[in-house]
Amino acid sequence: MLPPTTDGRPPVAEFAPLRPKPLDRGLMEVMLAEHTENAHLDVSLRVLHPAEFTIRADDLIDIYVAAMRYPPGSAAGRRNLWQEHSWRAGFGCIAAFGADGLPLAFCYGYTGQDGQWWHNEVRRGLTHQACAEWLDRYVELTELHVRPDCQGRGLGEQVLRRFLDARSERRVLLSTPEGENRAWRLYRRLGFQDVLRQHRFTGDPRPFGILGRRLPIDS
Ligand SMILES: CC(C)(COP(=O)(O)OP(=O)(O)OC[C@H]1O[C@@H](n2cnc3c(N)ncnc32)[C@H](O)[C@@H]1OP(=O)(O)O)[C@@H](O)C(=O)NCCC(=O)NCCS
């Protein structure tokens with residue numbers, strides 16, 4: 001998960017309050033038609049196709065900024081970037097919605113390919129052998145975020161599992177800032193292993209871990 005800006009500003013402790021927005025009636029009907037109850041929280045998990053992902057982008061960016069404790073307003077540019085991601089081959093998104101119809105968590109990704117910025121940044125840190133092992137038929141888990149007031153209740157794991165269950169690639173790869181936190185605990189619990197540690201992406205001073213594992217997740 002990469003930062004919203006590339007000017008080196010560190011994240012701060014405050015985050016913007018989430019602004020509930022009324023839900024479009026048509027979308028509500030689709031949600032009710034497709035929802036799956038979550039036993040742990042009163043939520044529904046479902047696929048967001050590219051068109052709805054774009055419609056929902058502002059709400060999802062609010063979750064991203066709040067979850068990552070980025071400064072309010074720091075996500076300028078995300079909208080266009082994420083929309084471009086949604087057009088990529090193999091794009092998939094799972095979102096969790098609360099009873100009020102607002103998204104509480106989401107993850108998305110797409111099939112990794114030569115020429116993509118993230119793929120090229122990771123490849124330059126890998127040996128030839130590691131490239132052949134990891135960068136062949138993988139899905140890049142681009143973002144995974146849970147609204148802060150819903151974290152620590154298993155929702156992130158459920159969204160991630162649902163996302164991975166639908167993938168046909170051989171492997172999943174992701175990047176996450178180095179540190180001991182809930183994200184690392186989740187990825188380790190699901191069997192993600194080190195692909196590359198202390199990696200520096202162009203334009204970001206923070207070290208990242210690149211983690212991966214074979215799919216399917218329960219194999
Ligand atoms: C990382 C993140 C996605 C994990 O999602 P999450 O819903 O908070 O956490 P998980 O799904 O892993 O759930 C694990 C926690 O829920 C608890 N839990 C699991 N099932 C539960 C249940 N049914 N009821 C209550 N708690 C439960 C576990 O005890 C565990 O707690 P712990 O981590 O304190 O040990 C989320 O915390 C987040 O958005 N963090 C900030 C952004 C971020 O780091 N994103 C990833 C960047 S790469």
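## Overall fold

The chain contains eight helices and seven strands, where helices (H or I, at least four residues) and strands (E, at least two) are DSSP runs numbered from the N terminus. This is a predicted model, in which local features need pLDDT of at least 70 and side-chain atom pairs count only at pLDDT 80 or more, while totals for chains, interfaces and linings use all residues. Residues are numbered from 1 along each chain as its sequence is written.

Of the 219 residues, 32% are buried (20 or more other C-beta atoms within 10 Å of the residue's own, with C-beta atoms placed from the backbone; exposed means 12 or fewer, and partly exposed in between).

## Nonpolar core

The largest nonpolar core comprises 47 residues; such a core is a set of buried Ala, Val, Leu, Ile, Met, Phe, Trp, Tyr and Cys residues joined through C-beta atoms within 7 Å. Among those with the most contacts inside this core are Ile94, Phe106, Cys107 and Val159.

## Helix H4

Arg78, Trp82, His85 and Ser86 are the buried residues of helix H4 (residues 78-86). They line one face of the helix, because they fall within an arc of 100° seen down its axis (the arc of the directions from the helix axis to the C-beta atoms). Asn80 and Glu84, on the other side of H4, are exposed.

## Ligand shell

Gln151, Gly154, Gly156, Glu157 and Thr176 come nearest among the 19 residues around the ligand, a residue being near if its C-beta atom, placed from the backbone, lies within 6 Å. H8 supplies the largest share of this shell, four residues.
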